[in-house]
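Dear colleague,

I am handing over the structure we spoke about, with the sequence alongside. Below it you will find notes on what turned up when I went through it.

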Amino acid sequence: MTHLRCEGITVRFGGVMACDNVSIEVPEGKIVGLIGPNGAGKTTLFNVLSRFQEYESGHITYRDQNIDRKKPHEMIRLGMARTFQNLNLFGEQSTLDNILIGAHRHLGNPLANMFSLPGARRNEAALVDKALAVADMLHLNHQLDKPVKSLSYGWRKRVELARALAAEPEMILLDEPVAGCNDEAAAELEEIVRHVNRNLGVTMLLVEHDMSMVMKVCDYIYVINFGANLADGTPAEVRENADVIAAYLGEPTQ
């Protein structure tokens with residue numbers, strides 16, 4: 001079953017064509033990579049798919065449901081979470097508080113929460129337990145009380161992933177999850193991504209410049225360049241594709 005599909009997505013910013021008739025498909029339960037040189041349109045497409053960005057033409061379906069008119073908060077309710085290339089965290093708040101924000105869709109009865117009724121207290125305790133479990137999975141236990149602004153960029157990337165996972169999504173759009181990480185931290189996050197996909201069954205669409213990670217974790221890869229589809233296939237097929245090599249190296253194909 002297809003989890004997410006977009007067809008013919010076109011986005012213009014003034015005279016700049018950011019996405020030019022782009023189409024991709026993400027099967028349920030798979031990790032699909034989206035790669036391309038800087039400025040290829042990857043983040044714009046991510047913003048379109050998560051409904052942060054409107055588009056000129058094309059269509060998007062999520063589990064065969066048209067989502068062209070959906071808003072970002074509605075995508076969370078449908079089961080899609082995302083991370084951001086430019087971190088979107090609350091720097092003054094603690095790591096734990098930032099993770100808890102991701103679980104807001106599980107709060108239950110808003111009136112009960114407003115008046116601190118017993119059911120609300122039970123909900124809050126359950127959410128804290130959920131946040132702690134996610135923090136443990138991402139090795140954030142020793143960072144829980146620290147303000148996020150005091151953490152390194154690599155750790156903040158991990159907090160943002162934890163916040164997305166706290167929403168218990170069916171699908172996550174990961175925007176450069178290992179950016180700013182050293183080799184050891186990147187390897188840990190690579191294993192976390194595999195675990196979330198294989199053991200929790202979360203479908204993933206991944207944008208990442210670390211080609212080693214992309215080739216290791218992805219089941220299928222789409223390559224875009226100058227806002228348009230360039231190639232797609234398995235990691236082995238993409239690695240050997242002459243057009244992809246030319247796009248990254250700046251050399252003309254023969």
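By contact I mean heavy atoms within 4.5 Å of each other. In that sense, and leaving aside residues up to four places away in sequence, R158 touches L138, H139, L140, A185, E188, L189 and I192. This arginine is found in helix α6, which spans residues 153-166, and because buried means under 20% relative accessible area, R158, at 2% relative accessibility, counts as buried.

Please bear in mind that this is a predicted model. The chain averages a pLDDT of 88, and 90% of the residues score at least 70. Over residues 107-120, however, the pLDDT is below 50, and that stretch has nine contacts in the model beyond near neighbours in sequence.

As to the chain overall, its secondary structure comes to ten helices and ten strands, and 47% of its 254 residues count as buried. Among the contacts with a separation of 6 or more, 66% are between residues 24 or more positions apart. The chain exposes about 12,400 Å², of which carbon and sulfur atoms supply 50%.

In soluble globular proteins, nonpolar side chains tend to be buried together. Here the largest nonpolar core holds 45 residues, and the members that touch the most others are I99, L138 and I221. This core draws at least three residues from each of two domains, namely domain 1 (1-79 + 169-254) and domain 2 (91-168). L138, one of those three members, is also one of the residues that R158 touches. I221, for its part, touches G33, I35, V214, M215, A231, D232, G233, P235 and V238, again not counting residues up to four places away in sequence. Apart from this core lies another, of 28 residues, which includes V26, F46, L49 and L173.

With one of them, P72, the C-alpha to C-alpha distance is 5.2 Å, although R51 and P72 are 21 residues apart in sequence. With I67 there is a polar approach, in which the backbone oxygen of I67 lies 3.3 Å from a polar atom of the R51 side chain.

With best regards

Technical notes:
Residues numbered from 1 in each chain as written. Predicted model: local features only at pLDDT ≥ 70, side-chain atom pairs only at ≥ 80, totals over all residues. Heavy atoms only, no water. Core = buried A, V, L, I, M, F, W, Y, C linked by side-chain atoms within 4.5 Å. Buried < 20%, exposed > 50% of the residue type's maximum accessible area, 1.4 Å probe, protein only. Domains from an automatic or database assignment. Polar contact = N/O pair within 3.5 Å; in protein donor to acceptor, adjacent residues only side chain to side chain. pLDDT = per-residue confidence, 0-100. Helix = DSSP H or I, 4+ residues; strand = E, 2+ residues; numbered from the N terminus. Areas by Shrake-Rupley, 256 points an atom, 1.4 Å probe, with all protein chains shown as cover.
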